[in-house]
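The sequence and the structure come first.

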Amino acid sequence: MNKRNESGTSRRIHQIERQLDDLTQHDLLRRRRVTSTPCRASVTVDGRNMLAFCSNDYLGLADHPALQHALQEGAALYGVGSGASHLISGHSRAHAQLEERLADTQAAYIENARALYFSTGYMANLAVLAGLAAADPGQTAIFSESLNHASLIDGTRLARCAVQVYPHADVDALESQLRQSQASTKIVVTDSVFSMDGVIAPVAELTALCERYDAWLVVDDAHGFGVMGNRGSGILEALNLRSSNLIYMGTLGKAAGVSGAFIAAHGSVIEWLLQKARTYIYTTASPPALAHALLTGLDLVQGEEGMQRRLHLHSLISQFKSAFQATLGNQAGGMTLMASATQIQPLLVGENQVALRYAAQLFEQGIWVPAIRPPTVPAGTARLRMTLSAGHSSEQVAALIQALHGLQKKVA
Ligand SMILES: *Cc1c(COP(=O)(O)O)cnc(C)c1O
């Protein structure tokens, strides 16, 4: 070891440690809690029994016996690892069957729909934006909603084309950007349900606008697939939208209870992504057993059980909102319940430190709710993000309200 090297290393380590201290100073240091039970309403976390309102397992399927069984069956049929990327030898019958089923979910809304299954939604979003931009190099512009998910933001960066951010839900501002754009390929991209706010994007208006300006509309339905629509097919079903400009992204690790994601689009778009999307091509295919389990996941989502679970979830959302209104009002101890009609119910707190304090107080009472801080949300808008699931009971939602009530008293 030469001395200069050693001190260079320690200087760099020291710099990283200073940055970490800085995060701590600003109440921005994140830590992981360790769970030792399956994802469900009632979990053991850091050795304690807690009632959890954190997960995106919106239908409560992550621990479903039929899914557990299907995963075991998938492992018996296909083994564990896929062994290679999809384009080499990792594409199994289970993946192929899953893609057919996924395409079917969007076939009524997207012309000539085909689907491509990805290991994660993050990768799917990188793929779709970079892939579409690569089809018209130098001539593409992306119009990105200001509250979009980090993976879409990274997708716009990877697309290496002109990117304009339009203000949240501002269809007029977007229209003027589209009108002024000279790009020959225009791509508008939005979350359907904003993950940290719970509000729904004006997807019907956006679809009409994109038809008028001949633009693609990429809709990230991570929080809609499985939850919205009669059959749980998501936002396009819920709004009964039909357009050849639509490109749909749904995730399978949230309401569908397993993992992965898919893009559904016109068959030629899918063929292009399959040829060009680097996050599809240069990565090992996810285990076929997961795709096999997802076939059962889709059966559950689309069947009678899924329908019952969606009904239950929606009744919990109404219960939570009206009980909150009744006992805490809109403003409670400096907290504002955000205007969300979805399973994502954030309570705006403001300061990071206060959000952490509230989350800690709830944790003391056996309720697990995450404090969401920048950069996930803008500075000064730290919040408690509660997510409801069909796995919760009405009594558990009442216990949450009770605990929030206790918070208010402590800080008042
Ligand atoms: C969760 C999420 C993703 C990423 O999906 P993963 O499968 O978890 O990688 C993308 N977009 C939104 C809006 C999400 O909430």
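The model is predicted: local features need pLDDT of at least 70, side-chain atom pairs count only at pLDDT 80 or more, and totals for chains, interfaces and linings use all residues. Numbering runs from 1 along each chain as its sequence is written, and side-chain values use heavy atoms, with hydrogens and water left out.

The domain bounds come from an automatic or database domain assignment. Domain 1 covers 29-58 + 304-411, and domain 2 covers 65-302. Their centres, taken over C-alpha atoms, lie 27 Å apart.

| Item between domain 1 and domain 2 | Value |
|---|---|
| Buried area | about 1,600 Å² |
| Carbon and sulfur part of the buried area | 56% |
| Salt bridges | one salt bridge |

Buried area is the accessible area (1.4 Å probe) that two parts lose on being put together, summed over both. In domain 1, Tyr58, Arg310 and Thr342 lose the most area to domain 2, together 30% of what that side buries.

A salt bridge is a side-chain nitrogen of Lys or Arg within 4 Å of a carboxyl oxygen of Asp or Glu. Aspartate 197 pairs with arginine 383 in this way, with the closest N and O atoms 3.4 Å apart.

Contact means heavy atoms within 4.5 Å. By that rule, 23 residues of domain 1 touch 21 residues of domain 2.
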